[in-house]
Structures are given as structure tokens and as C-alpha cells.
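Here is a note for a colleague opening this model for the first time. Please read it with the structure on screen.

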Amino acid sequence: MPAHELHPENWVDQYADYLFNYAITRVSDTEIAKDLVQETFFAGLKSAKNYKGDAAERTWLIAILKRKVIDHYRKINSKKGKAEVRMSYNSGDEDSGDWLEEKVADPFGKGGDDTIENRELGLAIQDCISKLPKKQSMVFSMKTIQGMSTEDICNELGINPSNLWVMIHRARTALMGCMNQNWF
């Protein structure tokens, strides 16, 4: 089988569970996760002609799913900078689940306290972000809150990916320190 050939007839059997598990850990809602997987398969079918074979089918589908998850959060958080953005942009090589953007109360929770807590936490996060050095604040916001790609940020700011990730790490560390003092 050529490396650039897709087999959509096998996607559900081969990748549905994996994609669902990926989605559910990011959105914490079964129905939304199922919808995102369906949207991923549909988008994959629509853009199959653009598949170049540079990545495995599963990797390509995960890349589509990541964009679907980001789009989901953009849709529910129409105002940029909301604290409910709960994405993890590390690849699991750093203490996953230990970052600030994953410590937010569940935005889909039924309790009224969650809404108040999210609003207050959002304000505390914005306050801490405003205390960061300007470039760190900009890079952190662009990557974590706005969901921009590494390549787009690097091109826009004239920095390399390594520098970007150092700035994000420093920003996260500073934000956790600030939040530990002022919130947690």
C-alpha cells in the first residue's frame, strides 16, 4: 500500500475508539466527544484529496481532531482569553495535567458555583498574564488562549520554535507561581 493512500472504509473500526478517547480527555463530555469524532471523519473525507502521506492515517486524523477541539472551544468561548480554554499543548512529555489551563472548573458543570469560580479564576488569570513580560504574555496568549499554531506565532514574532517553547514554559511557571499566591 502506498504511503499516501487513505482507507476511510476502515476508519471507524481502526480509529474511532482512539479518537474518542483523545477527544473525551479534552472536552469531558461524551456527546461532544462523539460529535467531534464524527466531524473529524467527515472533514477527513472532505479533505482526503489533500492528504500527502507525510503522516500515518491515524496521525493525520488526530491533527484534524485537534483542530476540531480547538474550534469547539473557540465557539463556546466567543470572547478571547476566557479561562475555560482547557487544552494541553504539550505532548505528554511534561507533567501533563499540571498546567494552569487544565486547573479550571468544568465549564459544562451544572453547579452555579462553577460559573462564578470560572469568572473569578478568569480574572485572576488575566491579572497574572498582565504581570508577565510583554513578549511572554503575547506568546502565551497566542498559543494557549487563541490556539495559534507554533509556525504562525514564530512567523509573526520572528522567533524560532525552540525560543517559543522556552517562553511558554517560563510563562506557565510564572503564572502558576502567581496563581498559587493569589488564587489556589
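The points below go from confidence to helices, rings, loop and disulfide.

1. **Basis.** This is a predicted model; local features need pLDDT of at least 70, side-chain atom pairs count only at pLDDT 80 or more, and totals for chains, interfaces and linings use all residues. Residues are numbered from 1 along each chain as its sequence is written, and side-chain values use heavy atoms, leaving out hydrogens and water.

2. **Confidence.** pLDDT is the predictor's confidence in each residue, from 0 to 100. The chain averages 76, and 74% of the residues score at least 70. Helices here are DSSP runs (H or I, at least four residues), numbered from the N terminus. Among the elements of the chain, helix 2 (residues 30-46) has the highest mean pLDDT, 91. Helix 4 (residues 112-130) has the lowest, 71. Treat residues 79-112 separately: pLDDT stays under 50 there. For that stretch the model has 79 contacts (heavy atoms within 4.5 Å) beyond four places in sequence.

3. **Ala16.** Ala16 lies in helix 1 (residues 11-27). Its relative accessibility is 17%, so Ala16 counts as buried. Buried means under 20% relative accessible area, exposed over 50%, and partly exposed in between (1.4 Å probe, protein chains only). Leaving out residues up to four places away in sequence, Ala16 touches Trp11, Val37 and Phe41. Ala16 and Arg58 are 42 residues apart in sequence, with their C-alpha atoms 9.9 Å apart.

4. **Aromatic rings.** Rings of Phe, Tyr and Trp (its six-membered ring) pair if their centres lie within 6.5 Å; planes under 30 degrees apart count as stacked, over 60 as edge-to-face and the rest as tilted. By this rule the count comes to three aromatic pairs. Trp11 and Trp60 form a tilted pair, 6.1 Å centre to centre with 55° between the planes. The pair links distant parts of the chain: Trp11 is in helix 1 and Trp60 in helix 3 (residues 57-76), 49 residues apart. Both Trp11 and Trp60 are buried. One aromatic cluster holds Trp11, Phe41, Tyr51 and Trp60.

5. **Charges over rings.** A charge sits over a ring if NZ of Lys or CZ of Arg is within 6 Å of the ring centre and within 35 degrees of the ring normal. Arg58 places its charged end over the ring of Tyr18, 3.8 Å from the centre. Arg26 lies over the face of Tyr22, at 3.7 Å from the ring centre.

6. **Loop.** Ser28 lies in the loop between helix 1 and helix 2. Ser28 is not a glycine, although its phi is positive at about 55°. At 37% relative accessibility, Ser28 counts as partly exposed.

7. **Helix 5.** Nine of the twelve residues of helix 5 are buried, so this helix is largely enclosed by the rest of the structure. Among the buried ones are Val139, Phe140, Met142 and Ile145. After helix 5 comes Gly147, with a positive phi near 75°.

8. **Disulfide.** A disulfide is a pair of cysteine sulfur atoms within 2.5 Å. A search of the whole structure finds one. Its partners are Cys128 and Cys178, with sulfur atoms 2.0 Å apart. This pair links distant parts of the chain: Cys128 in helix 4 and Cys178 in helix 7 (residues 161-182), 50 residues apart. The torsion about the S-S bond of Cys128 and Cys178 is about -75°, so the disulfide is left-handed. Cys128 is buried at 3% relative accessible area. Cys178 counts as buried at 12%.

Methods:
Helices (H or I, at least four residues) and strands (E, at least two) are DSSP runs, numbered from the N terminus.
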